[in-house]
Amino acid sequence: MNEDYSIILEDVTFTYEGSKKPTIKNVNLKIKRGEIVSILGKTGAGKSTLIYIIGGIIPNYIHGDLSGDVIIEGLNTREYSLYEIAQHVGVVMDDPEAHIVSSTVWEDVAFGPCNLGLPRDEVYERMMFALEATRLTELKERNPYNLSGGEKQSLAIAGILAMRPKILALDEPTSMLDPLGRRRVYEVLKDLNRKFGITIILSGHDIEVIVGLADRIVVMNEGELILDGPLSKVLQETESLKKAGVRLPEVTRLMALLKEKGVWKGSLPMTLEEAYNYLAKVFTRKKVLFKPYQPEKEKLVKPTATEPIIKIRRLRHTYPNGVEALKGIDLDIYPGEYVAFIGQNGSGKTTLARHIAGLLKPTNKEAEILVASLDIRKARMREIVRKVGYVFQIPEHQIFHSITREEIEFGLKNLEFPKNEIDRKVNEILKMLGLEEFKEEWPLSLDRGKRFRIALGSILAIDPEVIIVDEPTTGQDWRESLYICKILKKLNQRGKTVVIITHEMDLVAAFATRVIVLCKGRILLDGTPREVFSKPEILEKTWVQPPQITRLSQKLSKLCAIPTMLTVDEMYDYLVENLKEVEMTWF
Amino acid sequence: MVLIEYEAKDTIIHRLNPVSKIVWLGGLGLLLAMYLEPQPLIIVFAWEVFIGCLAGISWRKLLSRAWWAFVASIFGGIIVMFWVVNPEQFWRVPRDLACKTLIQLTPPGTPILGHTAITYGGLIWFTAGVLRITIAIIAACIFTFSVPLSDLTSLWSMFLPYKLSFILTSGLRFYPVMAEKTQDIITAAKSRGWDITSKNPVKRVKAIYPIIFPIVREAADLANRMALAAEMRAFGVKRPTRMTTLKFTPSDIFFIMFNVFITGTLVYLWWFCGLGKL
Amino acid sequence: MGSSKKHKEKVRIATVLIFIAITSNLTSAACSYLGRIQDAKEELQLLCIDAKGEYLEGANVTIRKRGGALVYSGLTNSTGWISTSVPVGSYIVQVYWMGVVVFSKELFVTGPVTMIAQCDVYHLTVAINLLYLIPVRHANIIIVNTTSQKVVDRYSGEIEIPYRFFSLSAEKTFRLPAGNYTITVKMLNSQSQSLNLNGNKRLTFAYVASLGSIFTLMCILAAVISCIGFLVTGRRKTGKSRNANILAI
């Protein structure tokens, strides 16, 4: 029976060297050949550790206390070296840069087979197989440094694939990628499984992205496996999933709420198509007449202020390598707005945001950038940081102190604030961000979410009028992402202008009052979330998809007069309101 | 140091065997060490620019990456030039001509600084110095632009253990990655009012700490992850298969011959005729 | 009476004798004084320089009286000076360089004299190259006076290559009196040129070959041929990249 399984974990417990608490506890897991298994859980649940154990990295490279048996294709990982195990299971890490070792794509892919000393013909065959499987054949002569994020991740997969493993274990392979990049990686993985029967294990935070890919879901919480089964079955355990910090697809959440209300008794849908089919049947059968929608929480595009707090005219930026990132941007942002910059990687979002923060200078003389009446082009950095705070995507780039409190003080000390004011502000920030109990801890010992909060706190301490946050959800689980967006919303309600760069459209829909879509250095769309997401055909140009619930409402609108919805709560309230007079039980 | 990373192109220089290019670099290095006069260096520079054009290098990219090195060499050269006033430093240039003062800065006997001036000999020395550094940087860029790292690894592994040569070339490969991360780290520090423009030297040294620590940490982290990725791909298990056979084609032979003859001629002229000596 | 006559006679004789003594003493004193005036010498210092203002070392200087009698003959020292003493009088000072009078002047000496003799000695710089490009470091140079057909100077040995900003040339400088000369440079081959030297001049021998210069020329030619060969063979597009032998399978 065990011969059917390529991966067997029996009572596996692992504690990192120097740590007191085990990171994973009593894990029992069997994975069959050819399965696609997704390991989900919040940050710190033990997903990466499990991936490393399956890959043989623990205990061969990363040391600690490992108990229990880990059998990969019949090999006990304790008894074989890493490279021997690597010929059966390949591990792809979340950072593709670390995998790239050569100066051309094809050489990088051939690196593994070459190291095995295989004959040249065989190396070539494996290399071409890997390139074709990951759709990199056209790019084989390219320097990996010049590839996009999705292409780099595909290259990392190709490099492992060339070793001909029967199992691929991927640790959050799409956390650093934009939607286009993610789509590419998932299509590659699907192909690998379907065409070549490769067993795929991938860890992540949310189910929506792996629906349609994974056959089976394993949910971890606090180092333990709490759920294990087919997707359709696991999705029904909404409470456990919520406890584990796993984000359900929006359509599933909607139907789960309706189920809680007693309106829906059937199974929960996993995909938009399923949800549409369910609801379409109900609406046509029940002949529901929907009332016009008056969104209470709709914010006006132009707030009451008449003068913009950020004024940009004729902004252009060309990087030294010749790439024109911004091609003439004119933009006004008013005080109190919560603006989201969206668009695929390379559209100019970060470049635009950095210009506002004074971190980049325009390459054309006639450009004008004013923030709170300060001419950013001419002002000194010390003046700018008091007006505009910029939080970077990778908090580790900012963190260097050994104590959290000192990290938050850093900006204030640079600006020579008095000591008593520094203490007061730091205490306020620690409280606001829920970091009080960690104030004496080493920031890098904390999880990613808290590190991001520390980086955010160090900017908020300066109390700028405009806060720009670059991709706060990268590498974060859903709860942490939500927490940060809520903090920003609170600040926005206190009068701060917030600019957020993100790929998470549901957060944009839930929190932003204005959405600016960038494409190839120009503003493609500018309006409220509802206005912007009502134009999916334009959004397609920049590979942006509206939130799932919006797409559901747009699809349903072809059947009945249902308006564009932005969030699950909105859709739920609307449906409940309109279905009050209709018989409530649906099947 | 890789200022420009490898780009796979089908140019005459790319098709050369890396050994040919190393012979070229060796000859160039020898000439740069020997020649202190700007006139022959201008000819060497022109030849190098020609090689760079043949290789299809992007001069704009090179300038954007290396401008700081050129500026540092000019600035450093100017500072040192002020002290090139001693006639004993010149052997071939007539001493009265070499020490002809163009602009006097501080007279002899000035405390601490001593005698400083801009002299004819100093200007020649400065011009030659800037040219040498420029030639060296451009040559290194042409080399890294036209030689893939795997070929470099193979070359070095002829003299060093394979693992060590791989480590050396990996260091080169990660230079642009670390340069980008360093820029991000500096930008992140600036966003919190960090400033290195203070006139107080103690403050300036202290100001580097917020940058150095994250850079070192990122570099160590990247190296660690890369080592893991390499080990997962059986690095160091066996002698790796060479995927490309580097042959010596007629153009390699001609190129090597050209460099040997030119270097030999210039060395002869330097030794016996004093060309390039100051 | 007789004794007083004898006494007066004696006084007369004594007086005459005293007068004669005094007169002869005075006369001899006057004569010796006159003789001292006639034997007095004055210092004469002479600096010989050539047309460029450089000292002429080893130039032969003669001082003759008006009648032609040689008073002094000597060679200038390393700094171009001669120093001698001559009696007051009129003289002709001549400076000879390579047997030719390069300076002549009449001089009346009444006191110490210091003078500078600007001699008609010119610099002839002989530059020796192969094809104007490669300096020839060793050569035999023979200078013949065309008029007298006599060899006035010769040099055989290492030739200096002085610092020049834009050229590299082996140069040897000769100092010659004005005149017509034929200069022959011999190494592996021989080249001659004639000129009338009436000022400081430079003569270039562009086609003199030596072993070193031939060797250097051959290296340069080989380098040029290699460069052409490199460009021709390298440019020839085979339609394949360096990896084609692997990726075209």
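**Notes on a predicted three-chain model**

1. A:Ser373 is exposed, as 9 other C-beta atoms lie within 10 Å (exposed means 12 or fewer such neighbours, buried 20 or more, and partly exposed in between, with C-beta atoms placed from the backbone). The residue sits in the loop between strand 14 (368–371) and strand 15 (374–375) of chain A; helices (H or I, at least four residues) and strands (E, at least two) are DSSP runs, numbered from the N terminus. Its phi is positive, about 65 degrees, although A:Ser373 is not a glycine.

2. A quick word on reading the model. This is a predicted model, in which local features need pLDDT of at least 70 and side-chain atom pairs count only at pLDDT 80 or more, while totals for chains, interfaces and linings use all residues. Residues are numbered from 1 along each chain as its sequence is written, with chains lettered from A and ligands numbered from 1 in the order in which they are written.

3. A:Lys520, not a glycine, has a positive phi of about 50 degrees, and its place is the loop between strand 19 (514–519) and strand 20 (522–527) of chain A. A:Lys520 is partly exposed, with 16 other C-beta atoms within 10 Å. The peptide bond from A:Ile58 to A:Pro59 is cis, with omega near 10 degrees, and A:Pro59 belongs to helix 2 (residues 57–60) of chain A. For background, most residues other than glycine have a negative phi, and most peptide bonds are trans.

4. Have a look at helix 6 (residues 149–161) of chain A too. Its 13 residues reach 18 Å from the first C-alpha to the last, close to the 18 Å expected at 1.5 Å a residue (the expected span is 1.5 Å times one less than the number of residues). Since 13 of the 13 residues are buried, helix 6 of chain A is largely enclosed by the rest of the structure.

5. Now to chain B, which has 10 helices and two strands. From the N terminus on, the order is α-α-α-α-β-β-α-α-α-α-α-α. The C-alpha trace of chain B spans about 65 × 60 × 30 Å along its principal axes, and 39% of its 278 residues are buried. Of the contacts in chain B between residues at least 6 apart in sequence, 77% join residues at least 24 apart; two residues are in contact if their C-beta atoms, placed from the backbone, lie within 7 Å.

6. Chain B is assigned domain 1 (1–147 + 247–278) and domain 2 (159–246), with bounds that come from an automatic or database domain assignment. The centres of these two domains of chain B, taken over C-alpha atoms, are separated by 28 Å. Seven residues from domain 1 of chain B and five residues from domain 2 of chain B make the contact.

7. Within chain B, the axes of helix 8 (residues 175–190) and helix 9 (residues 201–232) come within 10 Å and cross at roughly 145 degrees. Axes here are lines fitted to C-alpha atoms, for helices over the stretch in contact, and angles run from 0 to 180 degrees between N-to-C directions. Residues making the contact include B:Val177, B:Ile185 and B:Ala189 of helix 8 of chain B, and B:Pro210, B:Ile215 and B:Leu222 of helix 9 of chain B. The residues of this contact divide into 11 nonpolar, one polar and two charged (Ala, Val, Leu, Ile, Met, Phe, Trp, Tyr, Cys and Pro count as nonpolar, Asp, Glu, Lys and Arg as charged, and the others, Gly among them, as polar).

8. Between the chains, 44 residues of chain B are in contact with 53 residues of chain A. On the side of chain B that touches chain A, helix 9 of chain B gives the largest share, 11 residues. That side of chain B divides into 23 nonpolar, seven polar and 14 charged residues.

9. Finally, chain C has three helices and 15 strands, and 23% of its 249 residues count as buried. Chain C is divided into domain 1 (41–118) and domain 2 (121–212), whose C-alpha centres lie 31 Å apart. Eight residues from domain 1 of chain C and eight residues from domain 2 of chain C take part in the contact. C:Gly199 is in the loop between strand 14 (190–197) and strand 15 (201–205) of chain C and is exposed, with 11 other C-beta atoms within 10 Å.
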